[in-house]
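I opened the notebook with the structure on screen. My plan was to go chain by chain and write down what I looked up.

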Amino acid sequence: MMRVWGTAQDGIGTNQREGETLDERFDAASSGDRRALARLLSSIENGELKVEEPQRPASDGNSIALTGPPGVW
Amino acid sequence: MLHEWVDHGLRIAVLAVDPSSPRSGGALLGDRVRMRIVDDADRKDSVYVRSVATRKTSGSVPLVVREMAFCLLHVGWDKVVIETVGAGQSEVRCAAVADRIVLVEGPARGDGVQAEKAGLLELADAVIVNKSDLDGAQRHADELRESLHLGHEDAPDVLLVSALHGTGVAEASSMLLTLEQSTRAGRARWRERLLSHHERQLLEHSKFDTLLSSIEEGLMSFDDAYAQLRNGNE
Amino acid sequence: MDQPLRIVIAKPGLDGHDRGAKVVARALRDAGHEVIYTGLRRTPEQIIETVRDEDAILLGLSSLSGAHGHLFPRICETLREHDMGDVIVFGGGIIPEDDWPPLFAAGVRALFGPGTTSEEMVEFIATAVKRDDAGVGHGAGWHWNQSA
């Protein structure tokens, strides 16, 4: 499965709410708290959180890129 | 297409990637405006749209997008759609992080299949030609099929749709859900991922800026600086 | 370098002109921020959902229609209800000075009229994010504009 760790010195970064652990944040995001999810993604974007990919990533078609020139959709 | 998937009971997250201005580092992220599904009271809970700017170190964006996609799938979203516009290197790299890559094209503009698209065509598992209601869509689909079949047995499907009129959208949506990764694209995809990874390693090196200045000021040879970067952080 | 700030620029209400909002969006982009523009005629709920999903720290509201009187305070209130009190709200457009005090009281931190320079807006943003009382959750209190 996925491995996650923080890189910021104070744990999981500036977007962390007081006293909130990384597990709690993932739990909140999993149970539909979209603010928690948005903050989690910001931590990844800001490099405060790294998500390691599985050694053999499952290629199950769950991520799909749509790409093309501007103005075609 | 999002509508179709949501109506199939899927929860879809969209990562809409837009370029940052290389000069200011800022970005205008306007892709949301087009995605009216986020305003649809019955469907909005099944859709999450997040705009992502490529930021200054565009080389590391693809991996960040990949990590974001993992995270979204991990917390229970069924599909992650990574949307990029343009056919430049950073778009190709972002697309390469996805399990499946779909190239969306418009009608022919009279210039055939441009060379700059070659990179994306090589990665694509399927091609959608939108605006099939306009002249030139059929012709462009034919051109793409021809170019894809050159030297390849397992060329990806080319589908015609009209998002405006809804023709072909249902077919394209269900095709995408069952789309297999083409073996042809697999190698190209890993190639892009390795290159992004390498670029990120270099950019994240603590001495990257110092070494860059040293080369610029003639204090160090290019080869020596690169060798230091490759040796990793001390 | 500091991370760029994520800012939502939104147009609540029914007026159909967004030239001003787009000028502001571009100015903030040129100042190094990441600006998410929502398009015209957004409801308060739609605006708040965008701020939430995009993890924006600032929300700029533009109004030319006179709708600011009830829409801006309602947006501030909804942010607080949704546990998003750390979001910093500012406004712009055509807003008579007489209307300012109730908006500041509702938690709006700055109001910018048609003559505002982008430098001033950028300065406001830099100041506001450094304060710990600029979020809409702090209600009335500090605001940028000297008059009113």
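**Entry: the model**

I note at the outset that this is a predicted model.

**Entry: chain B overall**

I began with the secondary structure of chain B and found ten helices and seven strands. I then took the extent of its C-alpha trace, which is about 60 × 45 × 30 Å along the principal axes. Chain B has 234 residues, and 43% of them are buried. I also looked at sequence separation in the contacts. Of the contacts in chain B with a separation of 6 or more, 68% are between residues 24 or more positions apart.

**Entry: domains of chain B**

Where does the division into domains fall in chain B? Domain 1 covers 2-203 and domain 2 covers 204-234. I looked up the spacing of their centres, taken over C-alpha atoms, and got 35 Å. Contact between the two domains involves four residues of domain 1 and four residues of domain 2. On the domain 1 side, I find two nonpolar residues, one polar and one charged.

**Entry: the nonpolar core**

Next I looked up the largest nonpolar core, which has 115 residues. Those with the most contacts inside this core are Leu15(B), Val65(B), Ile82(B), Ala95(B), Val102(B) and Ala124(B). Helix H3 of chain B, residues 61-74, gives the core its largest share, nine residues. For background, I recall that nonpolar side chains tend to be buried together in soluble globular proteins.

**Entry: chain B against chain A**

I then looked at the interface as a whole. It has 42 residues of chain B in contact with 28 residues of chain A. On the chain B side, the elements giving two or more residues are strand E3 (47-53), H3, strand E4 (79-85), helix H4 (89-96) and strand E5 (100-105). H3(B) gives the most, with eight residues. By class, this side of chain B has 25 nonpolar, seven polar and ten charged residues.

How do strand E3 of chain A and E4(B) run, parallel or antiparallel? They run parallel, and six bridges join E4(B) to strand E3 (residues 63-68) of chain A. I traced one pair here: Gly68(A) has Val85(B) in E4(B) as its bridge partner.

**Entry: chain C**

I moved on to chain C and found five helices and five strands. Read along the sequence, the pattern is β-α-β-α-β-α-β-α-β-α. The C-alpha trace of chain C spans about 40 × 30 × 30 Å along its principal axes. I checked the radius of gyration of chain C, which is 14 Å; this agrees with a compact globule of 148 residues, for which the value would be near 15 Å. Buried residues come to 49% of the 148 in chain C. Of the contacts in chain C between residues at least 6 apart in sequence, 75% join residues at least 24 apart.

Is strand E5 of chain C enclosed or open? Five of the five residues of this strand (108-112) are buried, so E5(C) is largely enclosed by the rest of the structure. E5(C) pairs with strand E4 (residues 88-93) of chain C in the parallel sense, over three bridges.

Definitions and conventions
Residues numbered from 1 in each chain as written. Chains lettered and ligands numbered in written order. Predicted model: local features only at pLDDT ≥ 70, side-chain atom pairs only at ≥ 80, totals over all residues. Helix = DSSP H or I, 4+ residues; strand = E, 2+ residues; numbered from the N terminus. Buried ≥ 20, exposed ≤ 12 C-beta atoms within 10 Å, placed from the backbone. Contact = placed C-beta atoms within 7 Å. Core = buried A, V, L, I, M, F, W, Y, C linked by C-beta atoms within 7 Å. Nonpolar A, V, L, I, M, F, W, Y, C, P; charged D, E, K, R; others polar. Pairing = 2+ DSSP bridges. Domains from an automatic or database assignment. Rg over C-alpha atoms; globule rule 2.2 N^0.38 Å.
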